[in-house]
Amino acid sequence: MNTHYQYVPLTGKKILIVSVPFENHIRQLSGLAVLLKSQGASVGWYAPSYFSDVICKLGVMHFPYRLATDMSSNKMDRVMRERKEISSLMRQMNYDFTHVFAEPAANYYMDLKYIHRNYAFELVISDNLFSGVPFIKAKMKLPVIIVGMTPLSQSSADTYHFGYGLQPGRSAGGKLKQYIWNYLLTRFTLRRAQQVYCQQLYDHGVAYNGHTILDVITRYADVYLQQGTAAFEYERTDLGKNVRFIGRLPQIDDHTELNQATVNKLAHFQQVLLISGDVSTDKFRAVINAFDHTDTLLVFCCDEVEHQFLITQQPHARDNVIFTSRSDMAALMPFCTAFLTNGEYEGVMQAIVSALPIVAAGLREGRNEVCARIRHFGVGIDLQTETPSATSIRRAFRAMVTDPRYKVRVSALSEKLHSIEPGAVILQTIFDLLNNHGPTDVPAASLNN
């Protein structure tokens with residue numbers, strides 16, 4: 001993938017990045033912030049104070065949440081504790097849409113108005129879950145670009161609504177079931193969340209113009225830059241005209257060098273399983289047990305806190321287990337046989353770029369949508385559970401080794417991603433919107449790949 005972009009003059013332009021309080025969204029957007037700075041733009045970032053150190057290290061101005069709930073506040077801690085007590089996937093989804101997405105919307109708007117008094121940003125770049133987007137477009141009259149941090153969240157008559165994690169119906173019966181389930185989601189499952197969001201929009205004179213909350217956010221964007229490729233997305237006859245596929249977002253850590261001890265360890269094993277995403281105690285033990293007394297090296301990519309936690313879960317040190325930083329992921333993948341993930345989109349995109357077959361085990365927080373696409377497009381195996389057994393993990397990994405079709409399919413997708421220059425598309429889109437040209441026609445590669 002070409003990472004040398006033609007210079008686009010953004011000097012003096014003030015651009016604000018806004019994002020929900022999720023760590024993986026901050027990581028994914030960091031490369032974009034650095035790219036904008038390299039083009040001369042003044043870049044600000046509206047995010048919880050919890051992420052202040054990370055954002056400031058990028059040389060970007062940080063504007064913390066004021067009225068909106070901060071990730072580090074007691075209220076968020078309370079919300080997350082309540083959430084963990086919900087066992088039903090559908091009830092948890094309604095809870096998330098109500099408390100995490102719908103309720104903060106008006107406060108996002110008030111915060112952004114306050115920021116704009118002293119930092120008159122001219123364009124906003126948002127993740128696809130930021131519920132303040134309609135206010136920015138309708139009330140502040142500013143151009144908005146959405147960046148998809150998840151699979152495409154726009155609803156369609158051809159697919160299940162985002163959150164179900166189900167593949168599109170193909171038969172007449174399957175399509176009827178899909179229609180009924182979508183109706184139930186909007187009319188009943190997410191009814192409370194949509195009432196809360198609709199009321200906040202109504203109070204500020206903003207129209208609710210979509211089937212779901214994510215629909216409303218999508219439709220207010222001037223351009224929706226979807227990470228990935230159309231070849232890894234369900235076919236839609238009603239795809240929004242503002243949607244572009246841009247490949248994988250520019251990354252900061254793609255050129256990290258591995259330390260010599262890790263390189264030496266990798267050289268001693270013919271088969272290597274890379275593990276990333278939130279690893280629970282049960283999942284960690286299942287992975288360890290699946291490959292106990294085998295010649296498969298297990299490489300856990302995690303942050304320092306998770307590293308220390310997982311070490312305490314290991315009864316004794318094993319020669320075939322190592323821990324590395326998340327920033328090493330891109331450098332590790334060429335040495336690996338397969339990638340085990342909970343469906344975190346960031347890691348899955350990197351695995352596809354690296355043509356690495358995937359074993360997925362995740363259901364919650366929209367990760368079932370990622371896992372379903374892994375299954376649908378045949379680039380790996382979806383175990384369809386949050387808590388896979390050692391046997392299921394071992395069998396799935398064995399399939400990655402013995403069945404060449406997974407490698408062939410993921411390699412084909414990798415070629416499509418490599419054919420897209422995301423930085424060039426992003427920069428040209430921003431330049432056009434800032435200069436009132438409207439978005440330039442999308443290059444054929446971005447639409448068709």
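**Ground rules.** I am working with a predicted model, in which local features need pLDDT of at least 70 and side-chain atom pairs count only at pLDDT 80 or more, while totals for chains, interfaces and linings use all residues. I number residues from 1 along each chain as its sequence is written, and side-chain values use heavy atoms, with hydrogens and water left out.

**The seven-stranded sheet.** I looked up the strand order and found an open sheet of seven strands, β3-β2-β1-β4-β5-β6-β7, with parallel pairing; strands here are DSSP runs of E with at least two residues, helices are runs of H or I with at least four, and both are numbered from the N terminus, while two strands pair if DSSP finds at least two bridges between them. At the edges I find β3 (61-63) and β7 (243-245), each of which pairs on one side only. Neighbouring strands of this sheet are turned by 25° against each other on average, direction ignored, with axes taken as lines fitted to C-alpha atoms and angles running from 0 to 180 degrees between N-to-C directions.

**The loop at P48.** I placed P48 in the loop between β2 (42-46) and α2 (52-57). P48 counts as buried because its relative accessibility is 0%, where buried means under 20% relative accessible area, exposed over 50% and partly exposed in between, using a 1.4 Å probe and protein chains only. I also noted that the C-alpha atoms of P48 and R66 are separated by 8.6 Å, although the two residues are 18 apart along the chain.

On one pairing, β8 (residues 271-275) meets β9 in the parallel sense over five bridges, with V272 opposite L297. On another, β9 pairs with β10 (residues 321-324), again in the parallel sense, over four bridges, and F300 stands opposite F323.

**Helix α14.** I find α14 (residues 345-353) mostly covered, with nine of its nine residues buried, including Y345, E346 and Q350. Just after α14, A355 takes a positive phi of about 55°.
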